[in-house]
Amino acid sequence: MNWRRTFATALLACVMAMGLLVAVVGCSDRLEVPPTVPEPPPAKAIPKISEVSPPEAIQKLRQALDIYHPQVSIISPRSQEVIEDTSVTVKLSVLDLPIFQNPELGLGPHLELLLDNQPSTSIYNVGEPIVFEDLSPGTHTLRLFAVRPWYESFKNEGAYAQTTFHIYTRTQDNQPDASEPLLTYNRPANSYGAEPIMLDFYLVNAPLHFVAQEDPEDDVVDWRIGVTVNGEKFFLDRWEPIYMQGFDRGRNWVQIEFIDEQGSSVKNAFNNTVRLIDYEPKGEDTLSQLVRGELSAADAMGIVDRNYKPPAPEKTAPEEIAPEEVPEETAEETAEEIAEETLEEVAPEDTAAEEIPETIPEETVEEVTPEDAEESPEESPEETAEESPEEVAPEDTAEVATEESPEIAIEEVSAEISEETPEQTAEEVTEEETEEVTEEVIEEETEEVTEEETEEVTEEETEEVTEPDIAEETAADSEPASEEPANKSIRDRVFSLGDRIFSLFDGN
């Protein structure tokens, strides 16, 4: 019984195991494994520092200094000299480059002098004493090179010099290996007020690229300059200045190092240098204005040419203020207003002039009547009285009325007065001058009227009138016949007298 029970148990276990195996195999095709998602690569930081072209004004000024090939030297201290003092006096010389500092702009061609790997000192006059004090005992090296006003170094042969000396004793510090390439940091340094900022350096014993790359198995090592600005690193393979932008406001740091073709640093005394600089935009110094373009090359020519004199400013004549043009309509309205005012002022005198004929005819009749009677004794009074108004008076009256009407004459005179002398009025003429002129004109005109018109009338009418008619009508009608044409002609002359008076006003 035991073996049967054991067998049954074993068989049941085998059946259950087979069932589970079949179930697992049948459901395996429905199991899904989630795909593995690769992790994204870390995002690359966008570089802030970028290279840009040099400022336009600096490019133009640079051409004025390309004619120079400066030759610099350190006269003292002498190479490998041991000085028994902590102070050293330095003497320099420079040829083929006039060094000076423009008094107004504060820049000019000069020399940059470095003691060991300290920041450089600008030298604008080699005649002035240069003294370094409190030097530590040991070996020190001076480096000297010529630069342009904006601190770009001349890179011709002879533009660089160096000497090593010792204070009390020799040490291994600050003593570059003459057989190895040497990198000298120049700019940037100190502070800046505008971007872009120049990066410049000087190389000694660095082989030319085409020589280093000609034979890979030789001992000539190719090189690059590694530059790091605020942690951003890039490389330069050419020996020339570059201009950069993207600096942070305030404190920045710049590092340069000499690297061989395998990417390793070439060990020498000064081949790895770091400088701190300050950048504050909107600087007002000369270099900042040149970089921003606010100071043109023409205005800054004094920093490259000691004898340059800016042209005298042209004297500009003061601008003539053109008189305001008065519109024609306004001018006409003004003339009319002046004419109206003048007429109002002249009106009393015009009235007086018109009143004159009332007293004149009586005197004129008395003077004219006897002459008419003597010159035409045979003329008939009636025919003379009838025909004279028809032949003489209408013609004279029509001409005077159309040509010299008092209203028209007054308007013409007032217009002339308003155009030529609007400020002169009738008040300028005194009453005495007016009375004298009117009396003279009346006498002259009366004589002309009496003589000329009576002669014309008598000559034409005498032939037509007979003696009997003269005898019968002389007594009755002689007085009115002679009075009427004379009065009309005198009235006409008085109108012309008004014109004469106005012309007198115009002349005054």
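Start at Leu113. Leaving out residues up to four places away in sequence, Leu113 touches Val90, Leu92, Ser120, Thr121, Ile123, Ile130, Phe132, Leu142, Arg143 and Leu144, where contact means heavy atoms within 4.5 Å.

A word on the source: this is a predicted model, in which local features need pLDDT of at least 70 and side-chain atom pairs count only at pLDDT 80 or more, while totals for chains, interfaces and linings use all residues. Residues are numbered from 1 along each chain as its sequence is written, and side-chain values use heavy atoms, with hydrogens and water left out.

Leu113 belongs to the largest nonpolar core, which has 51 residues; Leu92, Phe132 and Trp150 are listed with Leu113 as having the most contacts inside it. Such a core is a set of buried Ala, Val, Leu, Ile, Met, Phe, Trp, Tyr and Cys residues joined through side-chain atoms within 4.5 Å. Buried is under 20% relative accessible area, with a 1.4 Å probe and protein chains only. Strand S8, residues 138-147, gives the most to this core, five residues; strands are DSSP runs of E, at least two residues, numbered from the N terminus. A second, separate core of 22 residues includes Ile49, Val229, Met244 and Tyr279.

Next, strand S12, residues 197-204. How many of its eight residues are buried? Eight. On one side are Ile197, Leu199, Phe201 and Leu203, and on the other Met198, Asp200, Tyr202 and Val204.

S12 runs antiparallel to S10, residues 182-187, joined by five bridges; pairing takes at least two DSSP bridges. Tyr185 stands opposite Phe201 there. S12 also pairs with S15, residues 242-245, antiparallel over three bridges. In that pairing, Ile197 faces Met244, a residue of the second core.

Conventions: Buried < 20%, exposed > 50% of the residue type's maximum accessible area, 1.4 Å probe, protein only. Helix = DSSP H or I, 4+ residues; strand = E, 2+ residues; numbered from the N terminus.
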